[in-house]
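Work through the exercises below with the sequence and the model side by side, and try each task before reading its solution.

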Amino acid sequence: MKPKIIYGPVLSRRLGRSLGIDIIGPEKTCNFDCVYCQLGRTKNKVQRPEDICGVSTEDVVQGLKSYLKKVSQIDYITFSGTGEPTLNLRLGEMIREIKKISDVPVCVITNSSLVNRKDVRDNLTEADLVIATLEAGDENIFRAINRPASGIELEDIIQGLTALKNLGPRLAIEVLFVDSKREYPTNISDQAINGLIKALKVIDPDEIQVHTLSRPPAEDFIIPVSEQKLTRMAQKFDEVLGREKVRLVLKGLRRKSIDVKHEDLKEDVYGLILRRPSTASQISSTLGIDAKDLAAIIEELLRKKNIVEITAENEKYYRAVS
Ligand code: SF4
């Protein structure tokens, strides 16, 4: 099944009603292989933008035009999806074109890997909001959690984010804390947190989002951090980095479902699962569809082996087969 470039809108804990644009897929393509990745392991691991084709600006604009006729009440148009969006060097041009046809603010969610490249930074400056991930202030922890392609170094990322901070878009750093069932380097020790604080002080972002995983991770030995621990970590960040900057993102934001006119319901369900593994109730509320209609579609996608069922935290999720 060929998924559409535009998907959702998804109900995001951080962005509200967010219409997603995937300029990398349909297969997960990334220069990281994060242990916590909700899309599973990275089979197609690349190093640089020059290694991928990516979708065209024209396809994004056409896709968005037709979506905007069907959906209203969008809080953000967000570049995210089945891989790292900054690997597509047309990103800046795409944002400029989107701004000609829509007033909705544009967000890019990036793993920060390429932000030390000037062309990538120039692309990101076209956005209204950049959410950039940073899970470590220490090279060894960075390598263990994000498992980057060769040539990507934490020091370059910190330098790139510091340079981006003064270029225009609002910069939010997303810190995702992970715990492990077994002996594995994570970012929750005092030493790891102090390293992160040091890096965040240098970058000086507009906002710091503290959260943990909320979907099944790529590695089954990785587990979320308890809400209690997460709150303690956010408090530590508050003390050193300033309360007004730190935002604790907890599970369980509930928003009203969205009224979307679906041309092809099955395609929309698959498109959502491909970019965002979800439970049946999450899919129902995100796409505003009836549980019974959804059950039939899920059954068919499972039968055709387009998706698989995964259990995490006692909940049943559906993830696309790559
Ligand atoms: S979490 Fe994001 S950066 Fe990490 S492997 Fe998955 S898609 Fe890539």
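Helices (H or I, at least four residues) and strands (E, at least two) are DSSP runs, numbered from the N terminus. The model is a predicted one, in which local features need pLDDT of at least 70 and side-chain atom pairs count only at pLDDT 80 or more, whereas totals for chains, interfaces and linings use all residues. Residues are numbered from 1 along each chain as its sequence is written.

**Exercise 1. Find which peptide bond joins Gly 8 and Pro 9, and describe the setting of Gly 8.**

Begin with the backbone: the bond between Gly 8 and Pro 9 is cis, with omega at about 5 degrees. For comparison, most peptide bonds are trans. Then count neighbours, using C-beta atoms placed from the backbone; a residue is buried if 20 or more other C-beta atoms lie within 10 Å of its own, exposed if 12 or fewer, and partly exposed in between. Gly 8 has 26 C-beta neighbours inside 10 Å and therefore counts as buried. Finally, list its contacts, meaning residues whose C-beta atoms, placed from the backbone, lie within 7 Å: leaving aside neighbours within four places in sequence, Gly 8 touches Ser 18, Leu 19, Gly 20, Leu 272 and Thr 286.

**Exercise 2. Determine how far helix H8 is covered, and by what.**

First, take the residue count: H8 spans residues 265–275, and eight of its eleven residues are buried, so that the helix is mostly covered. Second, name the buried residues, which are Asp 268, Val 269, Tyr 270, Gly 271, Leu 272, Ile 273, Leu 274 and Arg 275. Third, look for the elements that cover them, which include E1, strand E2 (16–21), H9, H10, E12 and strand E13 (315–320).

**Exercise 3. Work out how H9 and H10 cross and which residues meet there.**

Start from the axes, which are lines fitted to C-alpha atoms, for helices over the stretch in contact, with angles running from 0 to 180 degrees between N-to-C directions. The axes of H9 (residues 280–287) and H10 come within 10 Å and cross at roughly 120 degrees. Angles under 35 degrees count as roughly parallel, over 145 as roughly antiparallel, 65 to 115 as roughly perpendicular and the rest as oblique; H9 and H10 are therefore oblique to each other. On the residue level, Ala 280, Ile 283 and Ser 284 of H9 meet Ala 291, Leu 294 and Ile 298 of H10. To sort these residues, count Ala, Val, Leu, Ile, Met, Phe, Trp, Tyr, Cys and Pro as nonpolar, Asp, Glu, Lys and Arg as charged, and the others, Gly among them, as polar; the contact of H9 with H10 then has five nonpolar residues, one polar and no charged.

Note on methods. Contact = placed C-beta atoms within 7 Å.
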